[in-house]
Amino acid sequence: MRCFVLALVLPAILISPARADLRITRDHGGYVEEYKAKYERIRQNGERVIIDGICNSACTLVLGIVPNNRICVTPRASLGFHQAYYDKAYTFGIRVTSVEGTSDLMAYYPATVKEWIRRNGGLTPEMKKIKNGTDLWKIVDPCPGE
């Protein structure tokens, strides 16, 4: 009987997509294309994202790729924005701003993010951060129960 039940249940487990929340706690960013692909998979899978700490640089692309109603922030959340730059491994360790990359980032951000960036002097090489509070909540809703 166990084998029969297992034979019925196992295929259903293997076929049904696993849905899990992505909890961002300490993400300092990285390659933009990798983040685009990651967040596109999350969007397609219907997963939720909980920003529960640092989400800087390319991590913030989540705001433009995953639907806003599936993203929330805890009191520990912070978002950090800066201009895109080329991989320093190819520029002899020098940070070289990418105008094209920065334009690409801005194209993904929703209006609320663009407005915050504009109000805070635009994207620059220096990180500009939003921490817990009304500025952050204008962009992302607080997580229920947090």
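This report describes the fold, core, disulfides and selected residues of a predicted model.

## Overall fold

The chain holds six helices and five strands. In sequence order these elements give the pattern α-β-α-β-α-β-β-α-α-β-α. Of the 146 residues in the chain, 38% are buried.

Contacts between residues at least 6 apart in sequence were also sorted by separation, and 64% of them join residues at least 24 apart. The accessible surface of the chain comes to about 9000 Å², with 57% of it supplied by carbon and sulfur atoms.

## Nonpolar core

The largest nonpolar core has 31 residues, and the members that touch the most other members are Tyr39, Val49, Ile51, Val62, Leu63 and Phe81. Two or more residues of this core come from each of β1 (22-27), α2 (32-45), β2 (49-56), α3 (62-65), β3, β4 and α5 (111-119). Both helices and strands therefore contribute to the core.

Phe81 is one of the core residues named above. Beyond its neighbours within four places in sequence, Phe81 is in contact with Thr60, Leu63, Tyr109, Val113, Trp116, Ile117, Leu123, Glu126, Met127, Lys128 and Ile130.

## Disulfides

The model has two disulfides. With the bonded cysteines numbered in sequence order, the pairing reads 1-2, 3-4.

Cys55 and Cys59 are both buried.

The other disulfide joins Cys72 to Cys143, whose sulfur atoms are 2.0 Å apart. Its S-S torsion is about 90°, so this disulfide is right-handed. Because Cys72 belongs to strand β3 (residues 71-73) and Cys143 to the segment after α6 (134-137), the bond ties together parts that are 71 residues apart in sequence. Cys72 has a relative accessible area of 8% and is therefore buried. Cys143 also counts as buried, at 8% relative accessibility.

Ser78 is placed in strand β4. Its relative accessibility is 6%, so Ser78 counts as buried. Leaving out residues up to four places away in sequence, Ser78 touches Gly53, Ile54, Cys55, Ile130 and Lys131.

Tyr108 belongs to helix α4. Its relative accessible area is 30%, so Tyr108 is partly exposed. With residues up to four places away in sequence set aside, Tyr108 touches Lys36, Leu61, Gly64 and Ile65. The C-alpha atoms of Tyr108 and Lys36 are separated by 9.6 Å, while the two residues are 72 residues apart along the chain.

Tyr86, Phe92, Ile94 and Val96 make up a nonpolar patch on the surface, and together they have about 470 Å² of accessible area. Ile94 sits in the loop between β4 (78-81) and α4 (99-108). At 52% relative accessibility, Ile94 lies over the 50% cut-off and so counts as exposed.

Phe92 is in the loop between β4 and α4 as well. At 80% relative accessibility, Phe92 counts as exposed.

## Positive phi angles

Most residues other than glycine have a negative phi. Phe92 has a positive phi, of about 55°, although it is not a glycine. Ser57 is another residue other than glycine with a positive value, its phi being near 60°.

Where does Ser57 lie? Ser57 is found in the loop between β2 and α3. Is Ser57 buried or exposed? Its relative accessibility is 16%, so Ser57 counts as buried. Phe92, by comparison, is exposed.

Key. Residues numbered from 1 in each chain as written. Predicted model: local features only at pLDDT ≥ 70, side-chain atom pairs only at ≥ 80, totals over all residues. Heavy atoms only, no water. Disulfide = S-S within 2.5 Å. Buried < 20%, exposed > 50% of the residue type's maximum accessible area, 1.4 Å probe, protein only. Helix = DSSP H or I, 4+ residues; strand = E, 2+ residues; numbered from the N terminus. Patch = residues over 30% accessible without salt bridge, like charges linked within 9 Å, V, L, I, M, F, W, Y side chains within 5 Å. Areas by Shrake-Rupley, 256 points an atom, 1.4 Å probe, with all protein chains shown as cover. Salt bridge = Lys/Arg side-chain N within 4 Å of Asp/Glu carboxyl O. Core = buried A, V, L, I, M, F, W, Y, C linked by side-chain atoms within 4.5 Å. Contact = heavy atoms within 4.5 Å.
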